[in-house]
Amino acid sequence: MQNIHHIGFRFALALLMLFCANTTYAEQPKLQVIANSSVNVTSLTESRVRWIFSMRQTTWEDGSAIKVYVLNKQDPAHQFFCKNVLGMFPYQLERTWNKLAYSGLGEKPILVSDSQEMIEMISQQPGAIGYILSNTLPPSTHAVRILKEG
């Protein structure tokens, strides 16, 4: 009988641990590409996102200017974004920006200090795009879904 209680206790403990792990996972913020509500784009392919954030595409389909906002290269959200969304390392992206800027063929994106500033700038600037780690969308923005290729 004691063995049955022992098994029941282990089963209950396992269920509790599973529930806690699931709750913890559900609360983890996810990386979202967000755009100002003036941007009429709801999804982009991976290659289009790469072109936009590498500053090679500078206008939206309607001709309005794209304002790209990024976090500091040491920020974990920026590193995650570069590796998992753009498919490159942060230093590779920065090299691309530097080549464009120093050759006079383009500009670097607008650097913000943290996620709160990112949200504020994207909310206020028409044509703006950036990324945040969050489960909620800030006002005056919408999520841009990234379409996998291949």
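**Entry 1. Overall composition and confidence**

I began with burial: of the 150 residues in the protein, 33% are buried. The model I am reading is predicted. I therefore looked up confidence, where pLDDT is the predictor's confidence in each residue. The mean pLDDT of the protein is 88, and 82% of its residues reach 70 or more. I noted that confidence is lowest in helix H1 (residues 2-27), with a mean of 55. Strand S3 (residues 67-71) has the highest confidence, at 98.

I then listed the secondary structure and found five helices and six strands. Along the sequence, I read the pattern as α-β-β-α-β-α-α-β-α-β-β. I also looked up the contacts with a separation of 6 or more, and 70% of them join residues 24 or more positions apart.

**Entry 2. The sheet**

I traced the strand order next. The six strands form an open sheet, ordered S2-S6-S1-S5-S3-S4, with mixed pairing. Strand S2 (43-45) and strand S4 (110-112) are the edge strands, each pairing on one side only.

Strand S1 (residues 31-36) and strand S6 (residues 141-147) are antiparallel and share four bridges. In that part of the sheet, I find Asn-36 opposite Thr-141 in S6. S2 and S6, by contrast, pair in the parallel sense, over three bridges. Thr-45 stands opposite Leu-147 in S6.

I also checked how H2 is placed against the sheet. H2 lies across S2, S3, S5 and S6. Its direction is at about 90° to S2.

**Entry 3. Ala-128**

Is Ala-128 buried or exposed? I located Ala-128 in strand S5 (residues 128-133). Its relative accessibility is 0%, and Ala-128 therefore counts as buried, the cut-off for buried being under 20%.

I then asked which residues surround it. Setting aside neighbours within four places in sequence, I found Ala-128 in contact with Ile-34, Ala-35, Asn-36 and Val-39, among others. The list also includes Lys-67, Tyr-69, Met-121 and Ile-122. For Asn-36, I looked up the C-alpha separation from Ala-128, which is 5.3 Å, although the two residues are 92 residues apart along the chain.

**Entry 4. Helix H4**

I examined the geometry of helix H4 (residues 90-103) last. H4 has 14 residues, and the distance from its first C-alpha to its last is 20 Å, close to the 20 Å expected at 1.5 Å a residue.

Which residues of H4 are buried? I found Pro-90, Leu-93, Thr-96, Trp-97 and Leu-100. They lie on the same side of H4, because they cover an arc of only 130° around the axis.

What covers the buried residues of H4? The cover includes helix H2 (46-53), S3 and helix H3 (76-86).

Technical notes. Residues numbered from 1 in each chain as written. Predicted model: local features only at pLDDT ≥ 70, side-chain atom pairs only at ≥ 80, totals over all residues. Heavy atoms only, no water. pLDDT = per-residue confidence, 0-100. Helix = DSSP H or I, 4+ residues; strand = E, 2+ residues; numbered from the N terminus. Expected span 1.5 Å × (residues − 1). Buried < 20%, exposed > 50% of the residue type's maximum accessible area, 1.4 Å probe, protein only. Arc of directions from axis to C-beta. Contact = heavy atoms within 4.5 Å. Pairing = 2+ DSSP bridges. Axes fitted to C-alpha atoms, helices over the stretch in contact; angles between N-to-C directions.
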